[in-house]
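Subject: Structure for your files

Hello,

Please find the structure below. My notes on it follow.

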Amino acid sequence: MLEFAEKTGEQVPGEINAGAYVLERSVLDLVPRGQACSIEREVFPRLAGDGLCGLLLDGYWMDIGTPERYLQASWDILEGRVETEVEPTSPGCLLAAGAEIDPDARVGERAVISSGCRIAAGAELNEVVLLDGCTVGAGARLEQSILASGATVDPGARLANTVVGRDERVPA
C-alpha cells in the first residue's frame with residue numbers, strides 16, 4: 001500500500017477503508033498513551049509502505065452511521081438489492097415470527113417488525129425498523145423511525161425521523 005488517507009467526505013479515486021482490523025501488538029505502540037487518537041488518521045498513514053495492507057472485497061457496502069443510511073440499507077436488503085440470507089415476508093417487509101400485529105393496524109410497504117413486537121389496533125407504521133420486543137400503542141403513528149429493543153410508544157403518539165433507545169418510552 002503506497003498511501004493511506006482517511007475519508008474526509010470528499011469524493012476521491014481509490015478504495016475505502018471499512019470493516020475490522022487485525023493488528024500486530026507493535027502497532028499499538030504507535031498510539032499515544034493518555035490521549036485521544038484516530039488510528040485511521042494518525043497510525044495507518046505512518047504504516048503505509050511499511051507493512052500496512054488491506055483485503056479488497058467486492059460487493060455491497062454502505063456506511064450506516066446515520067439513521068437515514070441505516071434505514072436505506074434495511075430497504076436495500078428487503079428489496080433485493082443486496083445478496084443476503086434475509087428473506088422478506090413480503091416485498092420490502094420483514095415480519096418476524098412471534099410479532100403480534102393487530103388486524104386493524106397498518107404496516108406500510110417498508111418495515112422490519114422483529115420478534116416479540118406488539119402493534120396495537122389503529123397504529124400506522126411506514127418505513128420503520130422495530131428491534132426485538134417493541135410495543136406500539138393503539139393509534140400511534142411512526143414514520144421513518146428506528147426503535148431499539150424493548151422500546152414502547154404510547155397510544156396516540158406520533159414519531160417521524162426518530163431513533164428511540166433501548167427500553168425507552170415515548171409518551172403521547
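Is Glu 127 buried, partly exposed or exposed? Glu 127 is partly exposed, with a relative accessible area of 25%; buried means under 20% relative accessible area, exposed over 50%, and partly exposed in between, with a 1.4 Å probe and protein chains only.

Before the rest, two points on reading the values. This is a predicted model, in which local features need pLDDT of at least 70 and side-chain atom pairs count only at pLDDT 80 or more, while totals for chains, interfaces and linings use all residues. Residues are numbered from 1 along each chain as its sequence is written, and side-chain values use heavy atoms, with hydrogens and water left out.

Backbone

Glu 127 sits in strand β6; helices (H or I, at least four residues) and strands (E, at least two) are DSSP runs numbered from the N terminus. Its phi is positive, near 50 degrees, and the residue is not a glycine. Most residues other than glycine have a negative phi. Asn 161 is another non-glycine residue with a positive phi, near 55 degrees. Asn 161 belongs to the loop between β10 (158–160) and β11 (163–164), and counts as exposed at 57% relative accessibility. Gly 80, which follows α3, also has a positive phi, near 80 degrees.

Helix α3

α3 has twelve residues and spans 17 Å from first C-alpha to last, close to the 16 Å expected at 1.5 Å a residue; the expected span is 1.5 Å times one less than the number of residues. Its buried residues are Leu 71, Ala 73, Ser 74, Trp 75, Asp 76 and Leu 78. They are covered by elements including β1 (93–95), β4, β6 and β8.

Tyr 60, in the loop between α2 and α3, is partly exposed at 39% relative accessibility. Leaving aside neighbours within four places in sequence, Tyr 60 is in contact (heavy atoms within 4.5 Å) with Ala 73, Asp 76, Arg 81 and Val 82. Tyr 60 and Asp 76 are 16 residues apart along the chain, and their C-alpha atoms are separated by 9.7 Å.

Nonpolar cores

A nonpolar core here is a set of buried Ala, Val, Leu, Ile, Met, Phe, Trp, Tyr and Cys residues joined through side-chain atoms within 4.5 Å. The largest has 21 residues, of which Leu 125, Leu 130, Leu 142 and Leu 147 touch the most other members. β4 (111–113), β6 (124–130) and β8 (141–147) each supply at least two residues of this core, and the largest share, three residues, comes from β6. Beyond its neighbours within four places in sequence, Leu 147 has contacts that include Val 129, Leu 130, Cys 134, Leu 142 and Val 164.

A second, separate core of eight residues includes Phe 44, Leu 47, Ala 48 and Leu 52. Leu 47 lies in helix α2 and counts as buried at 14% relative accessibility. Not counting residues up to four places away in sequence, Leu 47 touches Val 27, Leu 30 and Leu 52. From Leu 47 to Leu 142 is 95 residues in sequence and 47 Å in space, C-alpha to C-alpha.

Ser 149 is in the loop between β8 and β9 (152–153). Ser 149 is buried, with a relative accessible area of 18%, and its contacts, again leaving aside neighbours within four places, are Leu 131, Asp 132, Arg 166 and Asp 167.

Pockets

A volume is the space filled by probe spheres set on the points.

The largest pocket has a volume of about 1400 Å³. It is lined by 39 residues, and Phe 4, Glu 15, Ile 16, Asn 17 and Ala 18 lie nearest its centre. α1 (25–28) and α2 (39–47) each supply at least two residues of this lining.

The second largest pocket holds about 160 Å³ of space. Its lining residues include Ile 64, Tyr 70, Val 86 and Leu 131. Helix α3 (residues 67–78) gives the most to that lining, with five residues.

Regards

Technical notes: 1 Å grid on protein atoms, 1.4 Å probe; cavity = no way out; pocket = protein on both sides within 12 Å on 5 of 7 lines; lining within 4 Å.
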